[in-house]
Every structure is written in C-alpha cells, then in structure tokens.
There are 2 protein chains.
Amino acid sequence: MEQFSYYTPTKVIFGKGVQSQVGEVIRSYGYKKILLHYGSGSIKRSGLYDQIVASLNESGIEFVELGGVQPNPKLSLSRKAAQLCIDEQVEMILAVGGGSVLDSSKSAAAGAANRCDPWEFSSGARKLTKSLPVGAVLTISAAGSEMSNSCVITNEDGWLKRGFGSDLNRPIFALMNPELTYTVSKYQTACGITDIMMHTLERYFCMNGDVALTDRLAEGLLKSVIEAGSIAIENPEDYEARATLMWASSLSHNGLTGNGRDYMMRCHQIEHELSGMYDRIAHGAGLAVIFPAWAKYIYKNEKALPRFCQYATRVWGIETDFEHPERTALKGIEATENYFKSIGMPVRLSELDVDDSKLEEMAEKCTFFGKRVLKDYMPLDKKEIIDIYKLAL
Amino acid sequence: MEQFSYYTPTKVIFGKGVQSQVGEVIRSYGYKKILLHYGSGSIKRSGLYDQIVASLNESGIEFVELGGVQPNPKLSLSRKAAQLCIDEQVEMILAVGGGSVLDSSKSAAAGAANRCDPWEFSSGARKLTKSLPVGAVLTISAAGSEMSNSCVITNEDGWLKRGFGSDLNRPIFALMNPELTYTVSKYQTACGITDIMMHTLERYFCMNGDVALTDRLAEGLLKSVIEAGSIAIENPEDYEARATLMWASSLSHNGLTGNGRDYMMRCHQIEHELSGMYDRIAHGAGLAVIFPAWAKYIYKNEKALPRFCQYATRVWGIETDFEHPERTALKGIEATENYFKSIGMPVRLSELDVDDSKLEEMAEKCTFFGKRVLKDYMPLDKKEIIDIYKLAL
C-alpha cells in the first residue's frame with residue numbers, strides 16, 4: 001500500500017427533503033451573505049429554486065444569484081461569478097446543481113478569494129492557498145464534485161479543458177436528496193452512472209497490487225452502481241437505486257476507492273480533450289467511449305493483466321480461465337462495454353459523430369503540447385494516445 | 001436507505017514514518033502548546049516517544065505530558081488530564097496510542113474546554129457544544145477512535161463504562177504508520193481484529209434492508225480484515241496486513257459502514273458491562289464472546305434471518321440452503337466464531353473466568369437500571385440480556 005493522505009471534511013446530509021435545511025445549515029457556519037449559483041434554470045421549473053430561496057429567507061441569509069452554468073462549465077462564467085462575489089462581498093457560494101455548477105463555483109471561489117483570474121489555478125500557474133467556502137445542494141449523481149478536491153473548467157479561448165486539485169476545493173457541506181434526481185433524463189442518468197464507475201475504475205487500474213481493502217471497497221461500489229444503474233434507467237423514481245447512485249457518486253471521487261494506490265486518471269485526461277474539443281459531448285458519454293478503447297489497448301500488458309482478471313472475476317463474476325488469463329480480462333472489458341450499451345451509452349466515437357480528423361490535435365493537447373506523458377502501465381505519449389483514439393473510432 | 005449525516009473531518013496521513021511529521025502537522029493548525037497524552041510507557045521503550053518529542057521540538061511546539069492511560073480508560077485519569085490542560089493552558093491534546101489513549105484524550109478535551117467534570121458528558125447529563133481539538137499518532141489498530149465520534153470511559157465509582165458520541169469528538173488529524181503496530185502482541189492484535197469486525201458487524205445487522213451500497217462496502221471491509229487478520233497473527237511484521245487492519249479500524253467506526261442503516265451497537269452495550277465489571281477483560285475479547293451468543297439468540301427472528309443469510313453467503317462464501325435458510329445463517333455465525341478462535345480469541349465467558357454470579361447485575365446496569373431497552377430485531381430488556389449472557393457461559 002502506498003502512502004496516502006485522506007481528507008474529506010464535507011458534511012454530508014443525505015435523505016428525503018434535506019434541501020429545506022439549507023438556510024439553517026449555512027447559518028450554522030455563521031455566513032450571512034452568499035452567492036446562489038446554478039445552471040440552466042431547470043431548478044426554477046422543478047420548484048427547487050423556490051424551496052432554496054424560502055429556506056434562505058427563513059434563516060435570514062442574504063443572497064445574490066447567478067445562473068447559466070453549462071455542461072463542461074466555462075471559464076467566462078466562473079470569471080463572472082468570481083467578480084460578483086468580490087463586488088457583493090459574499091462569504092460563501094451555494095452551488096445548486098451537479099458537477100458543472102459545483103466546478104464553476106469552486107473556480108469562482110478560488111478567483112474571488114485571491115482576487116485573480118480563476119484560470120491561474122486551472123492552468124497550474126498558481127497554487128491555491130485560500131478559497132471561499134462552497135456548499136452544495138446536489139441535483140445529479142455523477143461527477144462527485146460535492147466531496148472531491150477537483151475542479152474542471154473549460155477555457156473557451158482554445159477550448160482547453162483543465163482540472164486542478166486542492167483540498168480547499170472540497171465543499172464544506174453537501175445536501176443530497178436522491179428524489180431531486182428523479183427528473184434527470186435517462187441519457188444524463190447513464191452519463192452519470194458511467195462517470196461514477198469511471199472515477200473508481202481509473203483508480204482501480206493502479207500500478208501497485210497491494211491494496212486489498214481499497215480493492216474490496218472499489219469492487220463493492222462498482223457492483224452496487226451496476227445494479228442500481230440498471231434499475232434507475234428502468235424506473236427513474238426508484239428511491240433506493242437513486243440513493244445508491246447519489247452516495248456512490250460522492251464516495252467514488254472523494255478518494256476512498258483510491259487510497260494507497262499508485263494511479264493516474266488517464267481515461268479522464270484522454271476524454272477531456274474530446275469533450276473539450278466537441279462541446280456537445282457529455283463527459284460521461286465520452287468516458288464510455290474511451291474506456292473500452294483504452295482497456296483493449298493496455299490489458300495484455302503484464303502489469304495490467306492481473307488487475308483486469310481480478311476486475312472481471314470479482315466485479316462481473318466471470319470465471320477465471322487460468323490457461324488464458326487474457327481471455328478472462330477481455331470478457332471483463334466486454335462486460336463493461338455491454339453494460340454501457342445497455343444503459344444507452346455510446347461506445348464508439350462514430351456514435352458521437354466524431355471522425356478521425358482531429359485525433360492528432362486532441363492527442364497533442366492531451367500531452368500539454370509535448371510537456372507531459374500520461375502515466376500508465378506503459379507511458380502514454382502522443383502516439384499511444386492517438387492509437388487509443390483510433391481504437392475508439 | 002434511512003436518512004443519514006456523515007461527517008469525517010479527520011485529516012488522515014497514512015504510511016511508513018508519518019509519525020515524524022507530527023510537529024509540522026500541529027504547527028499547520030497554528031497550535032503552540034499541547035498536552036502529550038499516552039499509556040503505559042511502551043512508547044518510551046519503542047523509541048516512539050523520542051521521535052515524537054524530537055518532531056515537536058523541531059517545530060517549536062511546547063508540550064506538557066501525562067502518561068498512564070490504561071485499557072478501558074479510567075475517569076480519574078481523564079479528570080487529571082483535563083485539569084492539566086486548564087492549568088497549563090494547552091491548545092490541543094496529542095494522543096499517542098490506541099483507542100484508550102484517544103478516548104481518555106477526548107474525555108479530557110471535553111472537560112477542559114468546558115471547565116467541568118468530563119463525566120457530565122459520559123453520563124448524558126450535559127451535551128457537548130465545544131471541546132479542545134485532539135490529534136492522534138496511532139499505535140494499535142482496533143477501536144477506530146482516531147476517526148470516530150465516540151468516547152468510552154469507565155468510572156471507577158461503580159465501575160460504569162459509558163460512551164457518548166459527538167462530532168466534536170472526532171480528531172482533527174490522525175497519523176497512521178502500520179509499522180508502529182508490529183510490536184502489538186498476538187492477543188492484542190486479535191482483540192483489535194475482533195473490535196474492527198464488530199464495529200462493522202453491529203452496523204451490518206441493521207433493522208432495514210435497503211442499504212445495497214453500504215452492505216457491499218461493509219462486506220468488502222470484513223473480507224479484507226478476515227484475510228489480513230490471519231496474516232498479521234501469523235506474521236506480525238507483514239506490512240500490507242498491518243496496513244489493511246489499521247485503515248480498516250478507522251473506516252469501520254467512522255460511520256462509512258453504517259450510513260443509511262437503522263441499527264444499534266447492542267453487542268457493544270452488552271459487552272461494556274462485562275469489561276466494565278471485570279476490568280481484566282479486553283473489550284475485543286469480550287466482544288468475541290458476546291457476538292456468537294447474541295447471534296445465536298437472535299438469528300431465527302424473521303427480520304434478522306435474511307441479513308444473517310446474506311452475511312454467511314457474501315462474507316464467508318457459504319452456499320445458500322434455500323430450504324433451510326436458518327442453517328445457512330447458523331453456518332455464518334459458526335464461521336465467525338471459528339475465526340475468532342483461530343486468531344486466539346475466547347468465545348465463552350468460562351474462558352474469561354466469568355461465571356454466572358454477576359449476570360443479573362450486569363444486565364441491570366446494561367438497562368441503565370431499568371431506564372432503557374436495547375433496540376434490536378426484538379427489544380432486549382433485562383431478561384433477554386441475561387439470556388444472552390447465559391448463552392455465552
């Protein structure tokens with residue numbers, strides 16, 4: 001087991017109706033003025049906005065608001081949110097939405113607290129040493145940003161999608177009511193399921209093998225998500241399935257399934273260039289395409305093979321073929337691919353109307369223009385990344 | 001899934017040699033004067049004390065110290081520690097040891113911050129609203145107190161062992177180096193394994209069934225601990241096994257394996273009277289005796305049976321006998337009992353030299369002298385508690 005640090009200070013309040021506690025929770029921290037940040041306005045149609053406002057008013061929390069966060073959240077809006085925080089002297093940001101709203105909030109919080117361009121942190125030019133607190137009312141189970149240290153923003157200038165991690169990015173609280181996800185479309189639900197699975201899968205396929213406890217936790221989480229995912233797609237108002245997905249979204253990306261591992265989120269890096277370049281592509285859908293291609297590219301590697309076999313047998317219940325372990329491994333990859341298909345995800349770039357015209361440009365960006373090689377069972381440089389994109393065509 | 005809140009703010013720093021970071025970590029919080037609290041002095045023999053002192057000195061952290069914490073930590077010492085904190089105006093308590101030192105520290109922190117008798121919180125007379133921060137350098141994998149909200153203290157006046165829970169009891173940091181547990185005796189290691197398993201088992205045997213994700217996490221944790229436990233008993237210096245036990249000790253009692261469940265730690269309550277009455281009995285050993293008796297007493301209950309079957313099949317790999325599910329359930333209980341035996345634990349009161357002379361008195365205390373009934377698949381009042389003690393004879 002590798003050395004690790006694990007810090008998850010987010011106070012989780014989980015269950016039916018918890019959104020109505022938001023004013024009271026914010027008051028418990030002593031904050032009196034906040035920015036209410038949200039997305040497209042679906043929270044207004046659903047009535048959630050009114051519930052939140054009522055709760056804030058009841059607790060005497062003053063707020064300014066900014067909606068309009070889009071999927072693959074954009075730098076221009078988080079810049080605007082940061083400026084609003086400064087101008088209005090707000091003490092914290094309340095994100096009402098999913099990962100995009102959370103990440104936009106985190107980016108704005110960083111910019112506001114440091115009175116600088118939020119991109120400085122995303123680009124790596126500056127290290128985050130202070131930030132405004134962010135709290136969340138979660139409306140979609142996917143990104144896990146409600147407990148994670150990560151923040152991913154897309155800079156429209158060059159369509160660069162970049163993440164940065166800091167414990168200061170972890171929200172101070174997250175109110176999670178699975179019922180709020182009943183109205184998430186089947187497609188978005190499936191994107192979320194994929195994202196949740198991938199947060200654990202990227203960690204699971206680590207370079208070191210001695211991670212017995214973390215492996216078991218990861219396998220348990222994956223099995224639960226696979227079962228609950230199918231149920232939620234079939235019956236969007238199944239509370240237990242929605243609850244499993246929501247709680248799994250947090251646990252899958254707060255570090256729990258990665259503790260003690262030596263790993264890199266390489267499929268995420270490869271996918272970021274895809275949804276960064278083609279803004280219409282949902283991150284989860286991009287991952288459903290990239291993972292099978294990446295897995296088929298790498299699984300025969302001698303360091304990778306035992307992990308792929310363990311994954312196939314423990315998560316998918318595939319019998320081990322000891323004579324031909326690579327067959328066992330491949331069955332696990334195919335099971336994953338078939339599962340993605342079964343919940344309505346694309347598994348090839350062609351299904352996303354992406355041809356081979358920009359593969360080289362995406363790979364070039366993914367290497368930070370020649371400045372990094374992705375860490376994996378074998379180093380993934382531009383050539384290897386292009387090969388993976390090609391396998392995904 | 002029941003409503004839950006989950007709050008684990010403890011910063012975990014895990015791996016070889018992390019104890020040498022203690023001064024630096026304390027300084028990062030801005031504390032300048034602390035109480036160094038520890039147990040019997042084994043940390044002096046092992047050299048750990050010197051490492052801690054060197055690190056504190058290097059970081060300019062002033063400290064006063066108080067050793068002497070015993071297993072089943074005593075109120076008299078935590079009172080003394082609280083007074084020392086007040087007299088010396090210390091800002092935090094550093095617990096170097098296991099659950100006993102941690103709980104003594106938590107109790108002292110509560111008393112010092114509120115300038116009152118720490119027992120007021122243990123007895124339930126007063127609710128904790130502020131406390132001194134506690135940090136930990138862990139030397140034994142067992143109680144999980146390094147991340148838990150619980151604090152259990154024994155009042156020598158009447159030999160009452162009482163716990164109380166508060167998020168303010170959660171340590172601010174925990175430095176965990178599995179190597180520090182190499183010298184823990186086989187017996188104490190086995191007590192720790194039992195305690196770790198029991199923290200999850202008590203939660204696992206919950207009244208509600210819809211806890212798919214938490215079940216999978218709990219089962220994964222149990223399987224890892226069972227495997228690693230046998231290895232650590234066989235080879236005390238197996239780093240990976242010791243690391244699994246140490247990390248499992250934290251995860252098993254920080255709430256993770258209980259989220260969404262409706263449960264009560266009833267075996268713990270029944271055992272507390274045992275090690276409270278017979279101070280020579282280690283808590284883990286007491287649990288190894290109580291669990292099989294409790295399980296055999298309750299497993300045929302119609303609400304309990306499905307859980308016991310799931311436990312038997314998923315954790316112990318026992319095939320389900322669909323005609324006679326109670327046989328499957330019983331096999332799971334027997335497997336647990338045999339496992340406890342295999343690591344050197346007692347499984348009957350007679351092995352602890354406890355006869356039937358004080359069963360009624362213990363049961364009386366366990367009902368808080370008629371003021372509570374333990375919540376379980378069926379209510380456990382004095383009569384039922386005596387029956388369970390008798391089954392354990």
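This is a predicted model: local features need pLDDT of at least 70, side-chain atom pairs count only at pLDDT 80 or more; totals for chains, interfaces and linings use all residues.
**View 1**
Helices (H or I, at least four residues) and strands (E, at least two) are DSSP runs, numbered from the N terminus, and two strands pair if DSSP finds at least two bridges between them. A residue is called buried if 20 or more other C-beta atoms lie within 10 Å of its own, exposed if 12 or fewer, and partly exposed in between, with C-beta atoms placed from the backbone. By this count β2(A) is mostly covered, as 5 of its 6 residues are buried.

**View 1. The two domains of chain A.**
Chain A is divided into domain 1 (11-180) and domain 2 (187-391), with bounds that come from an automatic or database domain assignment. Their C-alpha centres lie 27 Å apart. Where the domains touch, domain 1 of chain A gives 21 residues and domain 2 of chain A gives 26, two residues being in contact if their C-beta atoms, placed from the backbone, lie within 7 Å. On the side of domain 1, the elements that give two or more residues are β1 (4-14), β7 (160-165) and β8 (173-176) of chain A. That side has 13 nonpolar, 5 polar and 3 charged residues, where Ala, Val, Leu, Ile, Met, Phe, Trp, Tyr, Cys and Pro count as nonpolar, Asp, Glu, Lys and Arg as charged, and the others, Gly among them, as polar.

**View 2. Helix α13 of chain A.**
Helix α13(A), residues 325-342, has 18 residues and reaches 26 Å from its first C-alpha to its last, close to the 26 Å expected at 1.5 Å a residue; the expected span is 1.5 Å times one less than the number of residues. Among its buried residues are Leu330(A), Ile333(A) and Phe340(A), and what covers the buried residues includes α7 (186-204), α11 (283-298) and α12 (305-316) of chain A. The helix is followed by Gly344(A), whose phi is positive, near 95 degrees.

Chain B is superposed on chain A by a rotation of 180 degrees with 0.0 Å of shift along its axis (RMSD 0.0 Å), using least squares on the C-alpha atoms of residues with pLDDT of at least 70 in both copies. That is the relation of a two-fold axis, and in chain B the C-alpha nearest the axis belongs to Pro9(B), 2.0 Å from it. The contact takes 32 residues from chain B and 32 residues from chain A. On the side of chain B, the elements that give two or more residues are β1 (4-14), α8 (212-234) and α9 (239-251), and the largest share, 11 residues, comes from α8(B). Across the contact, β1(A) and β1(B) pair in the antiparallel sense over 7 bridges, with Phe14(A) opposite Phe4(B). Because 100% of the interface residues of chain B are also interface residues in chain A, the copies meet through the same surface.

**View 3. Two loop residues with positive phi.**
Most residues other than glycine have a negative phi. Trp159(A), although not a glycine, has a positive phi of about 45 degrees; Trp159(A) lies in the loop between β6 (150-155) and β7 of chain A and is partly exposed, with 16 other C-beta atoms within 10 Å. Phe369(B), also not a glycine, has a positive phi of about 55 degrees; Phe369(B) lies in the loop between α14 (359-366) and α15 (382-391) of chain B and counts as exposed, with 9 C-beta neighbours inside 10 Å.

Terms used: Residues are numbered from 1 along each chain as its sequence is written. Chains are lettered from A and ligands numbered from 1 in the order in which they are written.
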